[in-house]
Each structure stands twice: as C-alpha cells, then as structure tokens.
Amino acid sequence: MAKSDKRVKITLECTECKRRNYITMKSKINDRERLEMSKYCSNERKHTMHKETR
C-alpha cells in the first residue's frame, strides 16, 4: 500500500532554546500555514511554544 502525500512529517522547534524536540505528522490540505503548539521542553523543563521548521 502506497503512503499518501497528503500527510507530511514535520519537525517542531522550541522557541526558547531553539532545539528540535518533536517530530509529528500534519495534513497539507487542512493545515497550510506553519503549525504552532505548546509542548514540554526537556531542556527548559517547562512548557514552551514549539513552531514548525522547514
């Protein structure tokens, strides 16, 4: 079975420490703009904003 090109792998980067902590999937059709979410950063030891990198 072939993988769909509608969902792509993205990397989330912490806005405070600038490290790339998470890898997740998103839909190219539904979410055209960059993803931004609050996730736990183990380096900062708190919840911080993580943004999608290209």
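Student: How many helices and how many strands does the protein have?
Tutor: This is a predicted model, in which local features need pLDDT of at least 70 and side-chain atom pairs count only at pLDDT 80 or more, while totals for chains, interfaces and linings use all residues. Residues are numbered from 1 along each chain as its sequence is written, and side-chain values use heavy atoms, with hydrogens and water left out. Helices (H or I, at least four residues) and strands (E, at least two) are DSSP runs, numbered from the N terminus. Along the sequence the pattern is β-β-β-β, and the count is zero helices and four strands.

Student: How many bridges join strand β3 to strand β4?
Tutor: Two strands pair if DSSP finds at least two bridges between them. Strand β3 covers residues 36–41 and strand β4 residues 46–53, and the two run antiparallel. The number of bridges joining β3 to β4 is six.

Student: Which residue in the hairpin of β3 and β4 takes a positive phi?
Tutor: The hairpin has four residues between its strands. The phi in question is near 60°, and the residue is arginine 45.

Student: How many disulfides does a search of the whole structure find?
Tutor: A disulfide is a pair of cysteine sulfur atoms within 2.5 Å. The search of the whole structure finds zero. For cysteine 17, which is in no disulfide, the nearest cysteine sulfur is that of cysteine 41, at 3.6 Å. The number of disulfides is therefore zero.

Student: Is cysteine 41 buried or exposed?
Tutor: Buried means under 20% relative accessible area, exposed over 50%, and partly exposed in between (1.4 Å probe, protein chains only). Cysteine 41 has 0% relative accessibility, so it counts as buried.

Student: Is lysine 26 buried or exposed?
Tutor: Lysine 26 sits in strand β2 (residues 20–27). Contact means heavy atoms within 4.5 Å, and, not counting residues up to four places away in sequence, lysine 26 touches residues including Val8, Ile10, Leu35 and Glu52. Because its relative accessibility is 7%, lysine 26 counts as buried.

Student: Which backbone oxygen lies 3.1 Å from a polar atom of the side chain of lysine 26?
Tutor: A polar contact is a pair of N or O atoms within 3.5 Å; within protein, one must be able to donate a hydrogen and the other to accept it, and residues adjacent in sequence count only if both atoms are side-chain atoms. The lysine 26 side chain reaches the backbone oxygen of aspartate 31 at 3.2 Å. The backbone oxygen at 3.1 Å is that of glutamate 33.
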